[in-house]
Amino acid sequence: MEINCKGERIILDEERAIYLPDHGFLVLSDLHLGKSAHFRRAGVPVPATIGINDLSRLSFLLERYQPDCLLVTGDMFHHSLNSDIAHFADWRKQHSALRLILVKGNHDLLSDADYAALGIELHSPSFCLGPFCFIHDAPKCTEEELYPISGHIHPGITLQGKARQKLRFPCYYFGKDFAVLPAFSLFTGLSTIRQSAGDRSYAITPGKVVAV
Amino acid sequence: MLSNHPGYKKIKSWLRSAKRKPFPFQERAWEKYLQGFNGLVNAPTGFGKTFSLFLAPLIESFGLKELPRQTSKNRLKLIWITPLRALGKDIGRAMIESLLELEMNWEVGIRNGDTTTAEKARQKRSMPEILIITPESMHLLLAQKGSSEIFEGLQCIVADEWHELLGSKRGVLVELAISRINGMKRKLNLPEARVWGISATIGNIEQALEVLVPDPKKPRTIVRAELEKKIEIHSILPDNLETLPWAGHLGLNMAEKLVPIINKSRTTLIFTNTRGQAEMWYQRMLQVDPDLAGLLAVHHGSIDNELRGWIEDALHSGALKAVICTSSLDLGVDFKPVDTVVQVGSPKGVARFLQRAGRSGHSPFETSVIYFMPTHALELVEAAAIKEAARNQNIEPREPVILSFDTLTQYLVTLAVGDGFDDAETFAEVQGTHAFRDILPEEWNWIMQFITSGGDTLGAYEEFKKVIRDTDGRWKVTSRMTAMRHRLHIGTIVSDAMLKVKFISGGYIGMVEETFISKLKPGDSFTLAGRILELAQVKDMTVLVRRSKKKKAISPSWNGGRLPLSSNLGSVLRKKYNEALQENHPDPELRFIYPLFLRQQRTSHVPKNDELLIELISNKEGFHLFAYPFEGRLVHEVLAALVAFRLSRLLPISFSIAMNDYGFELLSDQEIPFDEGIAYDVFSPKNLSEDITLSINSTEMARRKFRDIACISGLVFQGYPGKHVANRHLQSSAGLFFNVFADYDKHNLLLRQAYDEVFYDQLEEPRLAAALHRIQDSRIVITEPQSFTPLSFPIKVDSLRENMSSEELEQRVVRMTAEAQKEDEWK
C-alpha cells in the first residue's frame, strides 16, 4: 500500500517494513536479533529458526525493493552477542554492499567495535532524512521541525467484527505528531494502541495491509 | 487390636477427661492406620475428621517402647497438606492445643507462601514433627538442597480436603511429591510413609483413593463416617412473581429479604458467585440496612491478606453479623458463630451448594441452615432441583487430571533445582502415579529434551541451558539465576496480571486485574473491599487511590467467575421441568413460579425430560433459533457452534451465538431452514469430532489454554502481583510461544496438551456426545412463539451482558420484560 506523508511517498509493505522510493531507503524497526538465543541461555527453549526466518524475510525485501540503504530505527539487537548474531554476520557477508544504518534503541547494547565489525553505521539518538526524523522512541525527539518516525512500542490494533469477534494485528501508526513502525521480528508481542481523531493506522493482516 | 493399644488408651482417657468420645469412624481410621493401611476418610465437616488422622501417628508413637534416635534433620513425622493457607492456621491451632493437653513435646510447623524467611530457615535447620503445608510449598521443599534427608523419619502424609485438590493440577503436584518422597524412602530401605486423604462426599470417591494411592498392591481402604449432616434448605421467595426478573444475575432487588434473616441469626455468610457480585451486594446491603455498618464485611480473593485475616478473626470471635463472600470462604475453616448461610444465585453444582451449606452449624449434630436467594425466576427451579439432588446425595464426581505435561516439566526442574534427579529412577516413580501411568517413553524423552537441550530440531537450540547432567550423573540446575526464577514460579495457579491497590496516604487494600484498571481514567471511581475509591494514578504496577465521596461506583469484574451447570444438576433440572406443570407438588418453589410455566406452555411449550424444545422466533432483530438441552454453558457453546456449522452446510447462512446454562440461541439475518428431520440431523452424534474441529476455532481456544501451560512449564514468567518482572529482556507472551511452536516445532508436547485440554476440559467432548445420544432418543418439539418466552429471555439477556455494564443491563432487562409482556397482552 502506498501512502503520502509530509509530501513524501511511502510504501507500507505487509512484511512489516516501509520503503521510501524517492530516497531508496528501506526502513524497519525492532529486529531483535539474538532474542531467541538470549531466551535459550536463560533456559527457555525458543528455536533459532525464528531469527533465521526473520533474516530470510529481510533478504526477500531487499530483493523486492533493491534499496540503497537499510535503516533500522532501533532494537536491532536484543541484549548481547550470541549464536543468533553469528547467523546475522553470515547474512551480512552476503549483503556486504548494502549501506546499513542503525539508530540506537534501548536493547542495542553491543560495543561500538562490534557494530563496526558488522558494517553498521551508528546514529544516536536520531537520523534525519527529508521531512522525517528517524528515532527509536518518538517522545524523545527534539527536532521540532521534523516528523518523527519511530518504533519501540511494537504497535498492534484490535479489529472488531460482528458477533463479538476480535482480532489483533500488528500495525503502522501515523499520528498527528509522530509515526510508529511495527516490530519487524515475528518473535515480538504487540502493545495495543488507541486511535485519536486525525490518526491513521494500517493493520497488517495476513498478506495485506489495510487502512483502518 | 486397637482397644489394647497403649496409645489408644492414653487418647481415650484424654478424651474422657474432656467429656468427649471418639466417633466410630475415627476409631476405625486409627485401627486401619496402625495396621499399616493407606486410605481415605470420608466424613462431613464438623465431625472431627482432622482428629481421625492427626491422632493416628500419635497413638502409634505412644505404643513404641523405644523411640528411634532423633536428629534435628529427621524429626518430621507427619506432613499435612491443605489446599488453603487459611486452613493451615486453623488446623495448626487445634493440633497444638491437643498436643499441649496430651503433654506431647511434638512441634507443629506451618509452611506456605506467608511463612517468613526466618521461620523457613529455622525449619531447614530442624524440622518440626508435624508440618502443615500447601502443595506448592511441598514442591518448594523438594527444590531445596539437602531436602532428601528430612523425610527419613516421615510416617504419614495426609492430603486434607482431597476432593478440592483432586480435580486440578494442584492434585498432580500432590501425587508427584508423594511419589518422590516414597521413592527416596524405598531407595534407602526405609518403610514408606502411609498416605491418607480426607474428602467430602463426591461422586467418585473410590477413584479419589486410587489417585492418592495408585499402587493396587498396597493395603488401602475407605473409612466412611456414615454420619448424616442435617441440612435445612430454604428458598427466599419474593412477595410476588413480578418482583423477580425473568433474567439477570444480581438479584439486588430482593436485598430487603435478607435483613430479617441476618437479624435472627448469630452470624450469616452470604455467598455470591463472583467477586464483582460480592462488592455490589455489600454496597446494596448497607443501603438497605444502614445499621449493618461495621457489622458487615466483604471477603474475596482480591482483598488484601491482612484484611482477610482480620475478617476471619472477626468471624471466629463473632464480632461480625454477616460477611459477603465468594468461594474464598468455601473450604473447611470452622467459624463457630456462623449458623446461617445464604447462597445468592445458582451455585451451579450440588457439591458446591452442600459444601457452602456446611459452613453453618459446624459442630456435630448441629443442623446446617442455608437460604437460596434466586436472582431470576427460573433459578427457583434450580433450587427445587438442588434440594432433590441433595436429598438423594446425587453429587458430582471430580475428574482427576491426567498427563499434564506442563506440571511434569515444572516438577522435573524443581527436582533439578534441589538435589537433582536420576532419570531412570524418577521415570519409574512418575509412571507409578495415577496422573502419568499412561505416559509413553517417547513423551518422557521429549520432556527430558525440552529441559536439557531445548528441543529436537537440529541446531535450533544452540546455547540452550537449563538442566544439565552433573559429574555424579544426576540432572541438576547449576545456574543460580535459573534456580531462583524457578522457585519463584512453582505452582499451577496462574492468575491474570494483577495490580496492587494502595491509598496515596499509604495502606494496602487489595488487587485488581490490569485489564480492568486500563479501562479507567484518573478521577474514575470503583469499589474494592467494600470501599468506594477514586483512581489517582497507576505507577510502578501499583494503583494509587484516594477515598471517593461518590455514593455509587462500578465494581471490577474479575475474570473466571462463571462456572457451568454440572451435568448432575442439569439432569435433575430436566426432571423438575417435567413436574412443573402439575399444580400440586411438594416443591414450594415450583408452586410459586407455576404462573410462569403456564405462560411458557401457553406461548410455546414446557419441555419434559424426554424432549428437546426448540423455539423459532422472528422479530425485527432477525431470525432466532433457541434450543434447551440443559447441559451447562460450556457444552452449549460448542453445541451451538456445531449446530450452526451443520446448518450452514445445508445452505450458506451465518449466525451469531449466545448461550446460558439452560440452552443456546442462534441468530441470523435470514430465515433458518428447520424442521424435525433437520433437527435430528444437526443434533446427531455422527462425525462429532470432525465436525467440532471444523465448527469451532479450536486453535484460538488452544491458544487461550496455552497461557496457563506456558506459565506452569516455565516458558513465561508471570511475575508477582505488584512486582516488576525481574528481567525485562526475558519478557514474552504465551501467545507468542504458541505461534513459534506451531510454526517451528509441531511435535511440541505442550502444544498437544493445550489441544487436549480444549477437547476434554473446555469442550467436554464426552459430555457433549452423551447429550447428543440423549437427544437422539428424545422427542424434538419445535414451536414458533410470537415473542420471547420465559425460557428464551434469559439467553437473550446473557448475550447482551458481555457488552454492557451491570447497571445499564438491569435497566434494559426491565424494558425488555415490559415489551415481552405487552406484546403478549396485545395478542
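Two residues are taken to be in contact if their C-beta atoms, placed from the backbone, lie within 7 Å. This is a predicted model, in which local features need pLDDT of at least 70 and side-chain atom pairs count only at pLDDT 80 or more, whereas totals for chains, interfaces and linings use all residues. Residues are numbered from 1 along each chain as its sequence is written, while chains are lettered from A and ligands numbered from 1 in the order in which they are written. Helices (H or I, at least four residues) and strands (E, at least two) are DSSP runs numbered from the N terminus.

**Helix pair**

- In chain B, the axes of α14 (residues 379–391) and α20 (residues 567–579) come within 9 Å and cross at roughly 115°, which makes α14(B) roughly perpendicular to α20(B) (a term for angles of 65 to 115 degrees).
- Axes are lines fitted to C-alpha atoms, for helices over the stretch in contact, and angles run from 0 to 180 degrees between N-to-C directions.
- Residues of α14(B) including B:Val381, B:Ala385 and B:Ile386 meet a set in α20(B) that includes B:Leu569, B:Val572 and B:Tyr577.

**Sheet**

- Five strands of chain B form an open sheet of mixed pairing in the order β23-β24-β22-β21-β25, where two strands pair if DSSP finds at least two bridges between them.
- Because β23 (656–659) and β25 (779–783) of chain B stand at the edges with a single partner strand each, one side of each is left without a neighbour in the sheet.
- The twist from one strand to the next averages 20°.
- β21 (residues 611–619) of chain B pairs with β25(B) in the parallel sense over five bridges, and B:Leu612 stands opposite B:Ile780 in β25(B).

Terms used. Angles under 35 degrees count as roughly parallel, over 145 as roughly antiparallel, 65 to 115 as roughly perpendicular and the rest as oblique.
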